[in-house]
Amino acid sequence: MLTPARIPYLLLLPATLFLCAFFLYPFVLVAIEAFTRDGTFTAQNFQTALGHWKFPAAMTNTLLLAAVVVPIQTALALLMAVLVTKMTSGRDMALYVFTIPLGISDLAAGIIWLAIFEQSGFLNSMLYHLGIIDQPGTWLGYQSKGVIFAAVVLAEVWRATAIMLVILVAGMGLIPKEYDEAAEVFGASPWKRFIRVTLPLLRPSLQTALILRVILAFEVFAVVAALGGTSLPVLMGETYHWQFALQDRGVAAAFAIVILAISIAATLVIMRALRVPKEARI
Amino acid sequence: MTTTTLTDALPAHRKRGRFAMRAAVVALLLWVLVPLWLLAVNTFSSPDAVNGFPKSLVPEFDLGSLSFFAGFQGVSRALLNSAIVALLTMIMSIGLGAPAGYALSRFDFRGKESFRLLVLMTRAFPLPLLALPLAVMFIRVGLDDSLFGLALVHTTLALPFAVLITFSLFSGIPMELEEAAWTLGCTRIGAFHKVVWPLIRPGIAASAVFAFVISWNEVFAASVLTIQNRTLTAFLLQSLDVSPMPLKFAGGFVLVVPALIFIFLVRKYLFAMWGIANR
């Protein structure tokens, strides 16, 4: 019967069952797959994965990319958010343009920056028109890992800053204006007001934005595939390679567990670093 | 008029500040728009121009690259597959998510916090990795290389958003409206249908569009789970090494366009959605 006490459970049931079947259960499966081979418990998958010559490079590249990309994005998203809240005219237009990359897939972003960096691309064309070079040089060759890395950083910053921006703008809207006005009355400069008032009050949104972004940064895959092929190994790319090309699900699962582990570790660190005491919430 | 007098009255450093602000906004707008423009230039130029050097910064308005892309083996099928998976994802994530969002906004009950935790937990997990174990599971149940199977994985990505967004939308509609309808003789379902539904419809449409975009853009799970029935992203990724440049750029452009339109349609809701997703 539809008694009021049962209604919420009935409404939640489909979503809960779905998440159990397609979220919790598969993660148990992937853990089992990573720790077994031919039905017996073993650490062999991890030995193969971690012992592979590409693993140190993939791990370093993934962590380094996140360490470079996320701080730039945070700063840029904060700058955009402050500019947008201070704008008097054209605010909606600017916000729309700033959020466009939110709808763009990482693969498309990789292809867009490929158009710029490829040998007959727009960067070389521009340098040629300016008379700096006579011959188009190769930017994304397999020897020039530094340039590929920089191109991936640019593409990631270009594509994924929007998601932080949206969260931060929404968060700034929740901060009461009175705090900022009070600080202004007491003679605080705009920079001081930003550092001492806005930023601390923005901590919950900053926390959400950072967790989301760092996890997505560990999942970097298509951008790298489009720009560097296999010259710049990353964890997600190696997972795909083991699953799809080498058809070794156990090792792919071990890679998945490694990505999962660093994601959870990063989430815990960010939650701890930006903890908001219950009584300080707005 | 008032703005000019106001600006005149501002001290010199404030004026400089305004100028710096405007310059920064223009620079950031160009930062977002110029790469998109360059992709469009490549898309609307002939394949010869795309492979040529040096490139011009204005397109030739030649449809050669696009028709080459459209005629390429497997492309039309991949486009159709992408659309089907995205539509299935949209229907499933709203169908499952909206009732949950309604329950969270209207009722207090035991287990509410556990459910919210389950939804929030999805955020700390790299969800595309789910494709690995599900690939095995799908072979067992005969869903391997099927569009429905991929849509199930994409729904896992989109469902948490659907729950949080619809929760915030329902919370924005006062409970009193529904209660008033009950006192006037409406049943629970009748009140929902006559009072809540008309108010919530545009918001539901926006979150449905959001689910569509999540699925349309997803690369990893699509590439792992589809072999014959590839979506556009899987098709483009798997042919990156072998496909000619004009195909990549036209493909990238086709991938971007629906996303641009969708973000434009839901722009009003983006911030409302994320405001609540903070908590």
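**View 1. The two domains of chain B.** The domain assignment of chain B, whose bounds come from an automatic or database domain assignment, gives domain 1 (2–65) and domain 2 (74–277). The model is a predicted one, in which local features need pLDDT of at least 70 and side-chain atom pairs count only at pLDDT 80 or more, while totals for chains, interfaces and linings use all residues. Residues are numbered from 1 along each chain as its sequence is written, and chains are lettered from A and ligands numbered from 1 in the order in which they are written. Taken over C-alpha atoms, the centres of domain 1 of chain B and domain 2 of chain B are separated by 32 Å.

**View 2. The contact between the domains of chain B.** Eight residues of domain 1 of chain B are in contact with seven residues of domain 2 of chain B, two residues being in contact if their C-beta atoms, placed from the backbone, lie within 7 Å. On the side of domain 1 of chain B that touches domain 2 of chain B, helix H2 (12–43) and helix H3 (47–51) of chain B each supply at least two residues, and H2(B) gives the most, with four residues. Helices (H or I, at least four residues) and strands (E, at least two) are DSSP runs, numbered from the N terminus. By class, this side of domain 1 of chain B has four nonpolar, four polar and no charged residues, where Ala, Val, Leu, Ile, Met, Phe, Trp, Tyr, Cys and Pro count as nonpolar, Asp, Glu, Lys and Arg as charged, and the others, Gly among them, as polar.

**View 3. Helix H8 of chain B.** Helix H8 (residues 147–171) of chain B has 25 residues and reaches 34 Å from its first C-alpha to its last, close to the 36 Å expected at 1.5 Å a residue; the expected span is 1.5 Å times one less than the number of residues. H8(B) bends by about 40° at Ala158(B), and a proline, Pro160(B), follows within four residues, the bend at a residue being the angle between axes fitted to the seven residues ending there and the seven starting there. Of the 25 residues of H8(B), 23 are buried, so that this helix is mostly covered; a residue is buried if 20 or more other C-beta atoms lie within 10 Å of its own, exposed if 12 or fewer, and partly exposed in between, with C-beta atoms placed from the backbone.

**View 4. The contact between chain B and chain A.** The contact takes 72 residues from chain B and 82 residues from chain A. Helix H13 (residues 245–277) of chain B provides the largest share of the side of chain B that touches chain A, namely 17 residues. The residues on this side of chain B divide into 55 nonpolar, 12 polar and five charged.

**View 5. Leu29(A) and its surroundings in chain A.** Leu29(A) lies in helix H1 (residues 7–35) of chain A and counts as partly exposed because it has 17 C-beta neighbours inside 10 Å. The C-alpha atoms of Leu29(A) and Ala253(A) are separated by 9.2 Å, although these residues stand 224 residues apart along the chain. For the setting of this view, chain A contains 13 helices and two strands, and 43% of its 282 residues count as buried.
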